[in-house]
Amino acid sequence: MQTLGEYQGSGFTDRRYVVRRGDGQVLLLSRLLYLVVSSIDGTRDTETISHRVCGRFGAEVTPENIAYLINKKLTPLGVTVLLGELAQDCDDAPTSDLLLSLRGHRVIFHEARVARIASALSWLHRPPVVALALAGTAAVDIWLFAIHGAMTPLLQVLEQPVWMLAVFLLTVASLLFHEFGHASACRYSGAVPGKIGCGIYLIWPALYTDVTDVYRINRGGRLRTGLGGVYFNAVFMLALAACYLLTGQAFFLASVYLAHFEILEQLMPALRLDGYYILGDLAGVPDLYGKVKPILRSLLPGRAHAETVGLKRSARTIIATWVLTMIPLLIAEAAYALWNLPRLVTTAFRSLVDQLLGTVEAFGAGHPAAGTVGVIGALMLACPMAGGAYLIGRVLARLVRAARHTTRGKPALRLALGAASCVGTCALAAAWWQGMTPEPLPRSAPVAPLLQPGVPRTGATESSPAQLPASSPPAAPSLGPQPTRRPGTVVPDRSPHAVVTPPSPTAHPATAPPPAARTTLPPSSSAHVTPSGATSTATPSGSATASASPSSAPPSVTASPSTPAPTLSSPNPS
């Protein structure tokens, strides 16, 4: 157990303190619980602990109060264990099973190596250097978009498989550099960065940085750590522009163009990426998703929730604005995806089959570069398909558990909810079956034929020569339809041709948290206890920046389960 001190810049009306369990899980505790934890050393009895806590807390806390807090509050949180149970593991300690968190963590750089590299790069966060880098990035953007043109180099790259491989490798390097931006900003701000690793965020591979230690520094340091990833993206773009000036190779400018989409994606606060943790740091409330339900209830007349009463007015305003913006957006996106599900599945499966066949043909014809690009494209198609199936399964399982919990002991409500679910499912299935939903996209020529060898270059609706009327004059030789090239058709971080891996969460969740990941604080459940000033909140501990952010207290004790999250990018889906 490690005590990290007061959570500075908190959005709560009372003071909160941060501790980290042995498994890496981070918890927010009230001042009273924090003093109790700080006084436990394995040898003191409850009477000795009571004397130490009374002197620091400024109020009487009896040995019976201490025993109650330890047995009923700290032990269930996994913070303390009885002497006879030291050999037992803490598997039953509460953690939050975050839906939008990083999964399958694998370490790439351990703490010692991250510390050395972060120290070497920390000078980039000095204010004069930051000002020069941002000014240079602005100049490059003005030149690229207003003078030179950003789409031309991208289209040039799409015609050359080898250049496409170069763009892919540069994109991966940019994601890794993004994570070191979080780590170096953490080090520059006075905290200790943790490991850098990878995992799966939603349906995409992602990188993360564990910056959980930022919980013990001020708000400015946490914001610097959260923004460090996208700042390093800007620095990386400057380096790419310099390489273009030295070599004249178009793939450097194409990588600069795609890096802008990476930055925009990271700053979106809808998912547990950099923008989510930055917004949490501004509000002083690390786990924004944990406040969705209390905020929605508090918006109803006469339904003020206990968890929102303890928030400062500024924090409530920020969170309420976020909830009213993001929740409808997420619901609309989910409904749109369900309505178009047959179209998505059919088109994706057909594209995957064509890509695999074309890749095999490329290798068989002796074109290893085109074949390698085909393999990357196939992986970029298969990964979201498998991840989407897994995500749908998890969402359905959560909905079923939530429905069972809500309707427990209410058979009439459970029956009505089950009937409504069946009607909705049948209606959606009927719409799919009857073709009321959009049809799958027709076959079309690939945007870059060299990247998809073997894929048909003509649409399925074209007439063959045998189908032409006998009276028709002979047609001139045709090279096949030429693809229409529009800027809107280039999807930098989702297209199998662009092969840009989205950022992971920053443990601040750089690209959710634990890992991308930055640590997030979990939703909390509340209980009450007689001693005054005992509140606790459990929060995930890694920041994948999955980036991370997790006070005298009222007479109630609140405990919220949480999961360890490596911090923060970036889920970098950084």
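Biologist: Is D14 buried or exposed?

Modeller: First, this is a predicted model, in which local features need pLDDT of at least 70 and side-chain atom pairs count only at pLDDT 80 or more, while totals for chains, interfaces and linings use all residues. Residues are numbered from 1 along each chain as its sequence is written, and side-chain values use heavy atoms, with hydrogens and water left out. Buried means under 20% relative accessible area, exposed means over 50%, and partly exposed lies in between (1.4 Å probe, protein chains only). D14 has 10% relative accessibility, so D14 counts as buried.

Biologist: With which residue does D14 form a salt bridge?

Modeller: A salt bridge is a side-chain nitrogen of Lys or Arg within 4 Å of a carboxyl oxygen of Asp or Glu. By this rule the count comes to eight salt bridges. For D14, the closest N and O atoms are 3.2 Å apart, and the partner is R16.

Biologist: Why does R16 count as buried?

Modeller: The limit for buried is under 20% relative accessible area. R16 is buried because its relative accessible area is 8%.

Biologist: How many residues apart in sequence are the parts that D281 and R222 tie together?

Modeller: The side chains of D281 and R222 meet in a salt bridge, at 3.4 Å from N to O. D281 lies in helix α10 (residues 274–283) and R222 in helix α8 (residues 219–247), so the pair ties together parts separated in sequence by 59 residues. Helices (H or I, at least four residues) are DSSP runs, as are strands (E, at least two), and they are numbered from the N terminus.

Biologist: Where are R272 and D287, which also meet in a salt bridge?

Modeller: Their side chains are 3.7 Å apart, N to O. Both R272 and D287 are buried. The pair links distant parts of the chain, 15 residues apart: R272 is in the loop between α9 and α10, and D287 is in the loop between α10 and α11 (292–298).

Biologist: Which residues does A283 touch, leaving out those up to four places away in sequence?

Modeller: A283 is part of helix α10 and counts as buried, at 3% relative accessibility. Contact means heavy atoms within 4.5 Å. By that rule, A283 touches G11, A315, I318 and I319.

Biologist: At what angle do the axes of α6 and α9 cross?

Modeller: Two packed helices are described by the angle between their axes and the distance between the axes. Axes are lines fitted to C-alpha atoms, for helices over the stretch in contact, and angles run from 0 to 180 degrees between N-to-C directions. Residues in contact include M151 and P153 in α6 and A250 and F251 in α9. The axes of α6 (residues 151–158) and α9 (residues 250–267) come within 8 Å, and they cross at roughly 115 degrees.

Biologist: Is L399 buried or exposed?

Modeller: L399 is found in helix α15 (residues 368–406). At 53% relative accessibility, L399 counts as exposed.
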